[in-house]
Amino acid sequence: MNYNVPHTAYDSEEFRKHGHGLIELLAQHLEQTTTGKSPKTINWNLPENELNFWKEYLENGTLEDFFPEILKRTTHVHHPRYVGHQVGIPAPLTALTGLIAAMLNNGMAVYEMGMSPTAMERIVCDLLAERIGYSDASRGILTSGGTLANLTALLAARKAKVDHDVWNKGHKQQLGILVSEEAHYCVDRAAKIMGLGETGIIKIPVTSEYCMDMDQLRKRYNEAIADGIQVFAVVGSAPSTATGIYDDLEAVGKFASENGLWFHVDGAHGGAAIFSTKYKSLLKGIELSDSVVIDGHKMLMMPTITTALIFKNGEHSHTTFTQKADYLLIDSDEEDWFNGGKRTFECTKSMMSLHWYILLKVYGEQMFDQNVTQLYDLAKDFANLLESDPAFELALPPMSNILCFRFVDNNMGLKALNQLNQSIRQQLLEEGEFYLVQTKLKGVHYLRTTLMNPFTTADHLSQLMTKIKRVAESLRPQMIN
Ligand SMILES: *Cc1c(COP(=O)(O)O)cnc(C)c1O
């Protein structure tokens, strides 16, 4: 038996060599992308070709080529012509906190497996609570993603509002939550995981402005009660993902308190606006909520994946998962804020608080303010550009940095235009200069941009419009025939 074999994987000289090489490569990448010098945001490749490349690489590739190949074969979010999905553009400092977290690998479930990051997590969550407008009775946690955080919040809501001990005994009665039909699909999934079924997920139609319709909310709630459904929570979107429209949190909050419901705010994307002096009014009423989710890896310039879940009443953050795990957690009625495993779904989680903490320390909250404010301002400028060009139609005036629009032509019907806009998007993807996405609203196909990148300017967006018109011209003859 040769016990030394794995040691080769821990060679400090090899680490130093490849580490320096990688940092150099990433620094060049950062320079090439943020300045817009590199010609493409994505080198589109078919899934089968990509699969074959990496199968072949496993046989014949070299370690030297590994990092450069990954760079070539991924989407470059730091490029100002990246205007697609709502992932954050990580500040390089957070790539370094990611590196140290990966190497030290403290598991975070108990205090001594992550002492510093646990203390930082408390500081970060307390700050967020204060900005939300909660008192110091608030507590929060960091967890792996808005999806998991929304589920955790709804479990806390059920624990707090349903008399029956569902966590330990299961439930026979039909329980329900109220949520906008435009809410992120993960809320639907969370409710399904909780066993609420289709009947228990009461979808509230939106107004013509795409925010939750308050009259419909009251109506559907009354109907649900009449049908014997025990409704325990209402979820507000801040904003909803497809359209970027914020629900009226103040109105939803009042409705929740009148009816004794838990009020949860899904601010995964736009909860970050609590830092924006100019735009925080979009979140008016957030202080009425019982829980809020905010992703760090969206508008707060952090890498995937780190989400804050903040509870108005700290008790809810540690009573949700009352469960025995004696080897890990000593059963106690104490709050034990420093034993994270008591309060998250996760057992092991990454040392994600490092990202938040270092950005706050080095750049301060004002950088979050500037980032969110600039991105939201840019969406308004883009909307003006689109509106002044008859070749385009805006789905809705933007409330955030998410903006849906489409190419239009008076001679074409809805079906042909839907097809044309889909083809435009496919062509743009394959050319790779710009990266944007698409969505369907009430049967109409739109191009969708999320302006995440602080290097994107109105100039880039006007180039995008020119490009779309050119692509449309080249595709249109095929469409009409
Ligand atoms: C992105 C998003 C989510 C999902 O969060 P993840 O961090 O991707 O799991 C949930 N809700 C809203 C409104 C979002 O924008």
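Analyst: Start with one pair of residues. H264 stands opposite S291 in strand β6. The model is predicted, so local features need pLDDT of at least 70 and side-chain atom pairs pLDDT 80 or more, while totals for chains, interfaces and linings use all residues. Residues are numbered from 1 along each chain as its sequence is written, and side-chain values use heavy atoms, leaving out hydrogens and water.

User: Which residue stands opposite V293 in β6?

Analyst: The general idea comes before the case. Strands of a sheet pair through backbone hydrogen bonds, either parallel or antiparallel. Here, D266 stands opposite V293. Strands (E, at least two residues) and helices (H or I, at least four) are DSSP runs, numbered from the N terminus. Two strands pair if DSSP finds at least two bridges between them. β5 (residues 262-266) and β6 (residues 291-295) meet that test with 3 bridges, in the parallel sense.

User: How many bridges join β6 to strand β7?

Analyst: There are 5 bridges between β6 and β7 (residues 307-311), and these two strands run antiparallel.

User: How many residues of β6 are buried?

Analyst: Buried means under 20% relative accessible area; exposed is over 50%, and partly exposed lies in between (1.4 Å probe, protein chains only). In β6, 5 of the 5 residues are buried, so the strand is largely enclosed by the rest of the structure. Check both faces. S291, V293 and D295 are buried on one side, V292 and I294 on the other.

User: Now a helix. What span does α15 reach from its first C-alpha to its last?

Analyst: The expected span is 1.5 Å times one less than the number of residues. Helix α15 (residues 414-431) has 18 residues and reaches 26 Å, close to the 26 Å expected. Just after α15, G432 takes a positive phi of about 80°.

User: Which residues of α15 are buried?

Analyst: An α-helix has 3.6 residues a turn, so residues three or four places apart point the same way. In α15 the buried residues are L417, N418, L420, N421, I424, R425, L428 and L429. Take I424: its relative accessibility is 0%, so it counts as buried. I424 and A119 are 305 residues apart in sequence and 49 Å apart in space, C-alpha to C-alpha.

User: How many cavities of 30 Å³ or more does the structure hold?

Analyst: On a 1 Å grid over the protein atoms alone, a cavity is a set of points where a 1.4 Å probe fits but cannot get out. A pocket is an open set with protein on both sides within 12 Å along at least five of seven lines, and lining residues have an atom within 4 Å of a point. Grid points join across faces, edges and corners, and a volume is the space filled by probe spheres set on the points. This structure holds 1 such cavity. The largest cavity has about 100 Å³ of space. α5 gives the most to its lining, with 5 residues.

User: How do the residues of its lining divide?

Analyst: Ala, Val, Leu, Ile, Met, Phe, Trp, Tyr, Cys and Pro count as nonpolar, Asp, Glu, Lys and Arg as charged, and the others, Gly among them, as polar. The cavity lining has 3 nonpolar, 3 polar and 6 charged residues. Among them are E121, R122 and D126.

User: Which residues lie nearest the centre of the largest pocket?

Analyst: L22, L26, H78, P90 and A95 do, out of 40 lining residues. α1 (12-34), α3 (63-72) and α4 (92-104) each give two or more of the lining. α1 has the largest share, 10 residues. The pocket holds about 1,200 Å³. Its lining has 26 nonpolar, 14 polar and no charged residues.

User: What about the second largest pocket?

Analyst: The second largest pocket holds about 590 Å³. Of its 30 lining residues, Q86, H184, Y185, T241 and K298 are the closest to its centre. Its lining divides into 10 nonpolar, 12 polar and 8 charged.
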